[in-house]
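Visitor: I have a model open on my screen and would like to walk through it with you. Could you take my questions one by one?

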Amino acid sequence: MTQHMRGLFTALLIGGAATASAQAVSDFDNLPLSQPDTCYIDPNPVGNTVGFTNGDAEFMHNFIDYGGFILWEGFTYSNYTDSIGAGSFDWKFQLSARTAKGYANSEQYATAYAYTPSKIRLKNGALGRPVAGFQLANSTWCYNYVKDNYHTGDWVKLTVKGYLGGALKNDSITYYLADLRAANTASHTNLKTWDWVNLLPLGNVDSLWFRVTSSDDFAPAYFCMDNFTPLVNCTNLTGLAAPTVTATGATVVWHTNSTALSYDYVIDQTAADPTVSGTNTTDTFAVTNNLLALSTYYAHVRSNCGGNARSDWSTVSFTTPALPPATGIDHYQAGNALVTVYPNPAHNELYIKTSLRLNISVYSTDGRLQLKAQATNKLDISQLPQGMYQLLFHDQDGKLRHHMSLAKTL
């Protein structure tokens with residue numbers, strides 16, 4: 001008997017048909033099993049075998065009945081706890097995780113035989129969306145085989161690919177269940193715990209393809225899985241509001257979205273949806289400090305669910321109030337330096353008295369830039385029409401240090 005042979009069962013331990021979970025995550029814990037130390041086998045192994053469903057995924061497996069001897073490939077789930085292995089070829093040894101438990105000491109987990117590709121089909125809201133990833137463990141059989149037979153240069157790896165619209169995508173994820181390739185034996189690995197495998201780089205998928213290969217093409221092609229986590233439909237966020245608005249800044253907040261890994265936001269003066277991706281954040285708020293007084297702005301925020309999955313933009317508008325009334329001389333403190341701006345109102349020239357190097361921008365009340373000067377202590381405003389203006393003072397790093405209103409006289 002070779003290691004390539006698909007899992008051999010001499011008895012059918014029927015656990016009952018698996019039912020779909022309302023949750024997207026497949027943790028296999030709620031799937032029925034008849035007793036301890038057993039596994040799920042399709043009760044109708046000959047013909048149209050469809051495997052079992054858990055969470056928002058269908059785990060495929062195929063059976064061939066040779067007069068009571070069942071050869072299988074693909075996925076099953078179990079509560080086996082054989083972390084040692086007696087070197088036999090029985091089903092308990094084949095399907096046990098080296099960890100003897102599921103992830104976080106759960107009772108059940110899935111095992112796949114993937115010498116030929118094993119497949120998972122996404123369902124419901126997960127269909128056509130990215131998959132965040134899953135917890136991976138070595139099988140006891142594969143772990144022991146590597147420990148007893150492998151030497152420097154050998155390896156066992158799992159490769160994962162995605163399908164979308166029936167076409168196999170070019171990208172793939174590779175994880176080494178055992179890696180003895182390095183000359184330095186201190187860096188050799190043989191997985192004996194649960195470890196997270198990130199599948200987000202595969203992008204949007206409707207099914208996944210798993211295959212185990214090895215350097216000698218003889219290692220037992222098994223791996224164990226838990227907490228398979230698709231990303232369900234990327235839903236629009238709620239609770240978008242601008243609770244704090246000043247003449248030159250605003251704070252925008254929104255509710256946490258359970259389908260989002262992060263959020264994209266854009267704050268501009270256009271009501272239409274942004275054509276850029278915007279700023280990405282894992283916070284549920286955004287702060288901006290470079291706004292103009294008496295102006296209307298729009299905060300656009302959307303859920304970012306990983307891969308290419310984004311929700312629709314949600315938008316809230318707000319209007320900044322006027323700047324404080326102008327005075328003849330304006331003083332403010334910037335760090336340890338005092339800044340004095342005068343006169344106000346002004347006719348031809350505006351003076352800035354300070355030890356700082358400040359850049360000055362002058363805006364009309366409709367938000368249009370009128371003048372800009374760098375590191376100056378005198379600003380010529382003689383060509384400006386009579387009226388009210390807004391002055392913004394930035395330091396050499398671009399940080400807004402002060403703002404004020406200015407009355408330009410004839």
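This is a predicted model: local features need pLDDT of at least 70, side-chain atom pairs count only at pLDDT 80 or more; totals for chains, interfaces and linings use all residues.

Visitor: How many helices and how many strands does the protein have?
Guide: Let's begin with the overall make-up. The count of secondary structure elements for the protein comes to two helices and 29 strands.

Visitor: And what share of the contacts is between residues 24 or more positions apart?
Guide: Here the contacts considered are those in the protein with a separation of 6 or more. Within that set, the part that joins residues 24 or more positions apart is 69%.

Visitor: What percentage of the residues counts as buried?
Guide: The protein exposes about 18700 Å², with 49% of that area supplied by carbon and sulfur atoms. As for burial, the protein has 410 residues.

Visitor: How many disulfides does the structure hold?
Guide: A disulfide needs two cysteine sulfur atoms within 2.5 Å. For cysteine 142, the nearest cysteine sulfur is that of cysteine 224, at 9.5 Å. The sulfur of cysteine 224 is therefore too far from its closest partner for a bond. The number of disulfides in the structure is zero.

Visitor: Is cysteine 142 buried or exposed?
Guide: Buried means under 20% relative accessible area. Cysteine 224 has a relative accessible area of 0% and is buried. Cysteine 142 has a relative accessible area of 0%, so cysteine 142 is buried.

Visitor: Which loop holds proline 343?
Guide: The peptide bond from tyrosine 342 to proline 343 is cis, with omega near -10°. Another cis peptide bond joins asparagine 344 and proline 345, where omega is about 10°. Proline 345 lies in the loop between S23 and S24. Proline 343 is placed in the loop between strand S23 (337-342) and strand S24 (349-353).

Visitor: Which residues make the nonpolar surface patch of about 260 Å²?
Guide: Tyrosine 342 belongs to strand S23. To join such a patch, a residue needs over 30% relative accessible area; tyrosine 342, at 32%, is partly exposed and so clears that cut-off. The patch is made by Ile329, Tyr342 and Tyr351.

Visitor: What is the phi of aspartate 37?
Guide: Aspartate 37 sits in the loop between strand S1 (7-9) and strand S2 (52-54). With a relative accessible area of 26%, aspartate 37 is partly exposed. Although aspartate 37 is not a glycine, its phi is positive, at about 50°.

Visitor: Where does alanine 375 lie?
Guide: Alanine 375 is not a glycine either, yet has a positive phi of about 45°. Its relative accessible area is 32%, so alanine 375 counts as partly exposed. Alanine 375 is in the loop between strand S26 (369-373) and strand S27 (378-380).

Visitor: Which backbone oxygen does the side chain of threonine 320 reach?
Guide: Threonine 320 is in the loop between strand S21 (314-319) and strand S22 (330-334). At 1% relative accessibility, threonine 320 counts as buried. Leaving aside neighbours within four places in sequence, threonine 320 is in contact with residues including Val245, Thr246, Leu291, Leu292 and Tyr297. At 2.5 Å, its side chain reaches the backbone oxygen of leucine 292.

Note on methods:
Residues are numbered from 1 along each chain as its sequence is written. Side-chain values use heavy atoms; hydrogens and water are left out. Buried means under 20% relative accessible area, exposed over 50%, partly exposed in between (1.4 Å probe, protein chains only). Helices (H or I, at least four residues) and strands (E, at least two) are DSSP runs, numbered from the N terminus. Patches are made of residues with over 30% relative accessible area and no salt bridge: like charges are joined within 9 Å, nonpolar side chains (Val, Leu, Ile, Met, Phe, Trp, Tyr) within 5 Å. Accessible areas come from the Shrake-Rupley method with a 1.4 Å probe; for residues, only the protein chains shown count as cover. A salt bridge is a side-chain nitrogen of Lys or Arg within 4 Å of a carboxyl oxygen of Asp or Glu. A polar contact is a pair of N or O atoms within 3.5 Å; within protein, one must be able to donate a hydrogen and the other to accept it, and residues adjacent in sequence count only if both atoms are side-chain atoms. Contact means heavy atoms within 4.5 Å.
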